[in-house]
Amino acid sequence: MITFPPAGTEAEFDALTRQDLLPAVTSLGFGEAVPFTEGSLPVYAVGDDLVLKLFPPVHLGELPTERTMLEVLHGKLPIPTPAVREAGERDGWGYVLMERLRGETLKDAWPKLSTEDKHRLAPELGEALAALHSLHDHRLDVLGPPDWAAFVAEQRAKVVEHHRRTGLDESWIAQIPAFLDSVDLGSPPVVPLHTEFMRDHLMVTHDGGRPRLTGLFDFEPAMRGAAEYDFVAVGLFVSGGDKDFLRRLLAGYGAEPDEDFSRRCLAYALLHIYSNFTWYLRVLADPPEPTLESLSRAWW
């Protein structure tokens, strides 16, 4: 029998290509598989209608989150999410076989969309995110972290070290402690979070020339926490500093931005698990002033 290779460490996993895994993927018996090129985990198209996502042993703990989110969300949001067809494990690897969403990613479609099209999509994105945040299902209790306040405190304790490790300039790092001290994150309700609600993970099609949202995917990083934690990715990777677009999205969500909202979003951006301000400052417009306060106003 063809087996999956060892991948119990990040180094072992990083050494593998999706082509390396193809014989083992095919041996699962779901049909001809074609690897997708993007994504942090190996994903394959199976025929025209299915997608297979693999979880190597080093990331096997993320499988229950992905499976649970897909099972709970299917049919519950204004935009489609993939239905689970099958899930399991073999050779220490996990997999989820799911329905394939239609269309192209919003990331690929974005340069082709008119300003009017983008403005039409903005409130629909907000509505979808609001629907996600409003879900109550006991199955979501498996999502971490078990204590949101403790998670925030832990991220706060290592925030300077984290940003120094990403190569952020010391002029920015020096501002972080005082800025975080000045932001009151309060004790917000805990809601289901996608955590990477971005153009890369949204699908669109065109019906009669009008773009239509056709899917949201990639749920293995999902968590439970403050709703504004999800607006980190929204501000950075959907609106991208376009304040008018963000205002329209928030209107669909049922909220209105203000200075406190902007500052909380920047605080959560600094505390986010995958935060990389060195990269953000390269790809987003420069703020009017080189301060975190100015960044919060420019990006949210």
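Residues are numbered from 1 along each chain as its sequence is written, and side-chain values use heavy atoms, with hydrogens and water left out. Because the model is predicted, local features were required to have pLDDT of at least 70 and side-chain atom pairs were counted only at pLDDT 80 or more, whereas totals for chains, interfaces and linings use all residues.

Strand S3 comprises residues 50-55; strands (E, at least two residues) and helices (H or I, at least four residues) are DSSP runs numbered from the N terminus. Six of the six residues of S3 are buried, where buried denotes under 20% relative accessible area, exposed over 50%, and partly exposed the range in between (1.4 Å probe, protein chains only). Cover extends to both faces of the strand: Leu 50, Leu 52 and Leu 54 are buried on one side, and Val 51, Lys 53 and Phe 55 on the other.

S3 pairs with strand S2 (residues 43-46) in the antiparallel sense through four bridges, pairing being assigned if DSSP finds at least two bridges between two strands. In this arrangement, Val 46 is placed opposite Leu 50 of S3. S2 and S3 form a hairpin with three residues between them, and Gly 47 in the turn adopts a positive phi of about 65 degrees. S3 also pairs with strand S5 (residues 93-99), again antiparallel, over six bridges. Here Phe 55 stands opposite Gly 94 in S5.

Salt bridges were assigned where a side-chain nitrogen of Lys or Arg lies within 4 Å of a carboxyl oxygen of Asp or Glu. The count by this rule is 22. One of these joins the side chains of Arg 85 and Glu 99, with an N to O distance of 3.8 Å. Arg 85 belongs to strand S4 (residues 84-90) and Glu 99 to strand S5, so the pair ties together parts that are 14 residues apart in sequence. Arg 85 is exposed, at a relative accessible area of 51%, whereas Glu 99 is partly exposed at 30%.

A salt bridge within a helix is formed by Glu 116 and Arg 120, whose closest N and O atoms are 3.2 Å apart. Both residues lie in helix H5 (residues 115-133), and because they are four residues apart, about one helical turn separates them. Glu 116 is exposed, with 53% relative accessibility, while Arg 120 is partly exposed, with 29%.

Asp 181 and Arg 156 likewise meet through their side chains in a salt bridge, at 2.8 Å from N to O. Asp 181 is part of helix H9 (residues 176-182) and Arg 156 is part of helix H6 (residues 148-157), so this contact links parts that are 25 residues apart in sequence. The relative accessible area is 59% for Asp 181, which is exposed, and 26% for Arg 156, which is partly exposed.

Asp 218 is located in the loop between strand S9 (210-216) and strand S10 (223-225) and is buried, with a relative accessible area of 13%. Thr 195 is another residue other than glycine with a positive phi, near 80 degrees. The loop that holds Thr 195 runs between strand S7 (191-193) and strand S8 (202-207), and Thr 195 is buried at 3% relative accessible area. A cis peptide bond connects Gly 144 to Pro 145, with omega about -5 degrees; Pro 145 lies in the loop between H5 and H6.

On the surface, Asp 184, Glu 256, Asp 258, Glu 259 and Asp 260 gather in a patch of negative charge. Such patches consist of residues with over 30% relative accessible area and no salt bridge, like charges being joined within 9 Å and nonpolar side chains (Val, Leu, Ile, Met, Phe, Trp, Tyr) within 5 Å. Within this group, Glu 259 lies in helix H12 (residues 259-271) and is exposed, with a relative accessible area of 51%.

How values were computed
Areas by Shrake-Rupley, 256 points an atom, 1.4 Å probe, with all protein chains shown as cover. Lys, Arg positive; Asp, Glu negative; His and termini not counted. Charge placed at Lys NZ, Arg CZ, Asp CG, Glu CD.
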